[in-house]
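Please read it alongside the structure shown below.

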Amino acid sequence: MTLTTPPLATTREWIATSVLILPALLASMDLSVLFMGSPWISADLAPTASQHLWIMDIYGFVMAGLLITMGSVGDRIGRRKLLLIGAVAFGTASALAAFASSAEMLIAARALLGLGGATLAPSTLSLIRGMFHDENQRRTAVGIWTGAFTGGVAIGPIIGGLLLEHFHWGSVFLINIPVMALLLIVAPLVIREARDPHPGRFDLLGAALSLAAILPLVYGIKKTAEDGAGWASVAAIVVGAIFAALFVVRQRTTPSPMIDVHLFARPAFSGSIIANAIVVFATAGMGLLSVTFMQTVLGFAPLAAALWMLPTVAGSFLGVAIASLLARTVRPALLVSTGLLVAAVGFAGVSLVTPDSHVGLLIVAYSTLTLGVGMTATMVTSLVLTTAPPEKASAASALAETSSEFGGALGIATLGTLAGTIYRGAMTANPVPGAENAAEAAGDTVGAAVAAAQELPAEVADLLLRQAFDAYTHGLSVAAVVGAAVLALAAVCAGLALRTVTTPQSTSTEE
């Protein structure tokens, strides 16, 4: 048996990586790019309240529901082929969305975008997995991809705000088309095809069960975030959990599973999947609360708030760079735990914010949070890919991204519901004299309190706003403390789960 050094990547592989991060960036950007365009869409298409929610949510629902299925398809038909199919679907859907003339048409286009996104994300990451054989180079490439994918959610509102300053709301979709066209031209030239050489038959029943499990679970979690724990949201979560159990049973018994559930017995795989979900739980939950705080309590316009959030994107990329550098010498358990603890410190910093604080305090705290997230996400994504067999790279990538979707939905539901409950309790406990007629609306959300204050006399409005801002900030602080505790606990658990895991070295054996 001889010990050999795997070949280093050439310029072609790095060019291919730069091409692959563009669709990953756009796929994640489309989760949040409509946040800024919502008022324009409402004015132009006049959607009902239910249609408006579907316009915002259908992309994430479809993407989450199809990630595992599309990952399995990519392993079978070829990851580059699936990437190109996804580019066509994503570009076509972007054009349909940009020129949608009705709410129904926009909902359908967003659903098709979700289908395209579900093919792009796992294809890009799994292709990177196969292009790099040297562990250090692969980790760097995965780190670049992670920074693009996680940063896209934060960049989305910024790009949307800049475009809406000058163009029609459809411009937020039109920017996707030239990138998809470039991908269709360049990808066949610089990216080699890759697939599972022995894929077996496609598990159609497993695909149906995964869709039946994920869609109700994500819907139930999001519904809980919007309206609290009602019977509809609880029923959806229960139904999703039942189908999830059936999906696991199916994967354990079928001869050609979409996912090898035995991978979860490996600490590197299961610990990384859970850590990945937790860091997205943190950023998604706190991201929504922080942007709302800046726009309402601190009074920033949407574009100004988005621009102030730029350092948080930089924090994420800095964390990626630090993790890529340290992973060569630092054990995964220590690196992941440290990243989670840094993020917990960021949460603790957010809890110190008051209605009179300078926005810089929030940005520094939130940037510390994203720094820790960047460190953690890079390492756990790399571990997921290196733990799974290379021929199952697409399925493993899809599973990692599905855990991100669940983490994000759960973060918004848990932290958002907690902050909202505290806000409503504080507003109803001590109603402002003279604002009785506006009390019900103001007690719902801080945005409604700002709107209600505009109809009140100046003195009463000032009192109502001060009470609303104090209540919302208190909810934000409590949610931040809970987030810090969750991440600190996760740091301990990750350290224990990964304590026996070593980073694979840049060597291989040949007989």
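What is the relative accessible area of W308, and how is W308 classed? W308 has a relative accessible area of 33% and is therefore partly exposed. The model is a predicted one.

**Aromatic pairs**
- The count of aromatic pairs comes to 2.
- One of them joins F300 and W308 in an edge-to-face arrangement, with 6.2 Å centre to centre and 65° between the planes.
- The edge-to-face label applies because angles over 60 degrees between the planes count as such.

**Helices α18 and α19**
- Helix α18 spans residues 446–453 and helix α19 spans residues 458–497.
- Their axes come within 9 Å and cross at roughly 175°.
- Helix α18 is therefore roughly antiparallel to α19, as angles over 145 degrees count that way.
- On the α18 side, the contact involves V446, A449, V450, A452 and A453.
- These residues meet A461, L464, L465, A468, F469 and Y472 in α19.
- The residues of this contact divide into 11 nonpolar, no polar and no charged.

**The chain overall**
- The protein chain has 19 helices and 2 strands.
- It holds 511 residues, of which 56% count as buried.
- The protein chain exposes about 20,600 Å², and carbon and sulfur atoms supply 70% of that area.
- Of the contacts between residues at least 6 apart in sequence, 84% join residues at least 24 apart.

How values were computed
Residues are numbered from 1 along each chain as its sequence is written. This is a predicted model: local features need pLDDT of at least 70, side-chain atom pairs count only at pLDDT 80 or more; totals for chains, interfaces and linings use all residues. Side-chain values use heavy atoms; hydrogens and water are left out. Axes are lines fitted to C-alpha atoms, for helices over the stretch in contact, and angles run from 0 to 180 degrees between N-to-C directions. Helices (H or I, at least four residues) and strands (E, at least two) are DSSP runs, numbered from the N terminus. Angles under 35 degrees count as roughly parallel, over 145 as roughly antiparallel, 65 to 115 as roughly perpendicular and the rest as oblique. Contact means heavy atoms within 4.5 Å. Ala, Val, Leu, Ile, Met, Phe, Trp, Tyr, Cys and Pro count as nonpolar, Asp, Glu, Lys and Arg as charged, and the others, Gly among them, as polar. Rings of Phe, Tyr and Trp (its six-membered ring) pair if their centres lie within 6.5 Å; planes under 30 degrees apart count as stacked, over 60 as edge-to-face and the rest as tilted. Buried means under 20% relative accessible area, exposed over 50%, partly exposed in between (1.4 Å probe, protein chains only). Accessible areas come from the Shrake-Rupley method with a 1.4 Å probe; for residues, only the protein chains shown count as cover.
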